[in-house]
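Subject: A structure for you to explore

Hi there,

Here is the structure I promised to hand over, and my notes on what turned up in it follow below. Have a look around on your own before you read on.

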Amino acid sequence: QVQLVESGGGLVQPGGSLRLSCAASTNIFRIEVMAWYRQTPGKQRELVAAAPRVGSRIYADSVKGRFTTSRDPAKNTLYLQMNSLKPEDTAVYYCKAEMVAGTTTTNSWGQGTQVTVSS
């Protein structure tokens, strides 16, 4: 498994921006898919954005045009740039890494970082 550490969460006003970081303990070229999920109390964790090692980024409809995810191999880090934030974006944001070896997929999760959008 890979260790993931998220950072960058906090309190921001509606319309503001935040950038989340997810630092991986391994070379991210080895990680097939890195993704951001979010969760609010009483709800299931939902996919926000995914960055495959090869291929196009994927975004939830609710964040398209506002959020951008990117991988920085030099820093072994995944980023989530969040702009035009809304109160409904308030959640704990988690980073996920999917590593594939043959027919086996291993998922690793970070500890989460709180994002609160409020005036």
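Before anything else, one term: when I say that two residues touch, or are in contact, I mean that they have heavy atoms within 4.5 Å of each other. Please also keep in mind that this is a predicted model.

**A residue to start with**

Leaving aside residues up to four places away in sequence, threonine 106 touches Gln1, Ala97, Glu98 and Met99. Its relative accessible area is 32%, so threonine 106 is partly exposed. For a sense of distance, threonine 106 and isoleucine 58 are 48 residues apart in sequence, and their C-alpha atoms are 20 Å apart in space.

**The hairpin of S9 and S10**

Strand S10 has a partner: S9 and S10 pair in the antiparallel sense over six bridges. Within this pairing, alanine 97 stands opposite serine 108 of S10. The hairpin of S9 and S10 has two residues between the strands, and glycine 102 takes a positive phi near 65° there.

**The aromatic rings**

How many aromatic pairs are there? The count comes to two. One is formed by tyrosine 37 and tryptophan 109, edge-to-face, with 5.0 Å from centre to centre and 65° between the planes. This pair links distant parts of the chain, since tyrosine 37 is in strand S4 (residues 33-39) and tryptophan 109 is in strand S10 (residues 104-109), 72 residues apart.

Are these two residues buried or partly exposed? Tyrosine 37 counts as buried because its relative accessibility is 15%, and buried means under 20%. Tryptophan 109 has 35% relative accessibility, so tryptophan 109 counts as partly exposed.

Tyrosine 94 and tryptophan 109 form an edge-to-face pair as well, at 6.5 Å centre to centre and with 85° between the planes. Here, too, distant parts of the chain are linked: tyrosine 94 is in strand S9 (residues 91-101) and tryptophan 109 in strand S10, 15 residues apart. At 14% relative accessibility, tyrosine 94 counts as buried. Put together, Tyr37, Tyr94 and Trp109 form one aromatic cluster.

Now look for arginine 45 beside these rings. Arginine 45 lies over the face of tyrosine 94, 3.7 Å from the ring centre. The charged end of arginine 45 also sits over the ring of tryptophan 109, at 4.6 Å from its centre.

Strands of a sheet pair through backbone hydrogen bonds, either parallel or antiparallel.

Which residue in S8 is the bridge partner of cysteine 22? That partner is leucine 78.

**Strand S11 and its partners**

S11 has two pairings to find. Three bridges join strand S2 (residues 10-12) to S11, and these two run parallel; in that pairing, leucine 11 stands opposite threonine 116. S9 is also joined to S11 by three bridges, but this time the strands run antiparallel, and tyrosine 93 has threonine 113 as its bridge partner.

In a regular strand the side chains alternate between the two faces of the sheet. Keep that in mind for S11: its covered face has Thr113, Val115 and Val117, while its uncovered face has Gln114 and Thr116.

In soluble globular proteins, nonpolar side chains tend to be buried together. The largest nonpolar core here has 28 residues, of which Met34, Leu80, Met82 and Tyr93 touch the most other members. The elements giving two or more residues to this core are S3, S4, strand S5 (46-52), S8, S9 and strand S11 (113-117). S9 gives the most, with five residues.

Not counting residues up to four places away in sequence, methionine 34 touches Leu4, Cys22, Ala24, Ile28, Ala50, Ala51, Arg71, Leu78, Cys95 and Lys96.

Enjoy exploring!

Notes. Residues are numbered from 1 along each chain as its sequence is written. This is a predicted model: local features need pLDDT of at least 70, side-chain atom pairs count only at pLDDT 80 or more; totals for chains, interfaces and linings use all residues. Side-chain values use heavy atoms; hydrogens and water are left out. Rings of Phe, Tyr and Trp (its six-membered ring) pair if their centres lie within 6.5 Å; planes under 30 degrees apart count as stacked, over 60 as edge-to-face and the rest as tilted. Helices (H or I, at least four residues) and strands (E, at least two) are DSSP runs, numbered from the N terminus. Buried means under 20% relative accessible area, exposed over 50%, partly exposed in between (1.4 Å probe, protein chains only). A charge sits over a ring if NZ of Lys or CZ of Arg is within 6 Å of the ring centre and within 35 degrees of the ring normal. Two strands pair if DSSP finds at least two bridges between them. A nonpolar core is a set of buried Ala, Val, Leu, Ile, Met, Phe, Trp, Tyr and Cys residues joined through side-chain atoms within 4.5 Å.
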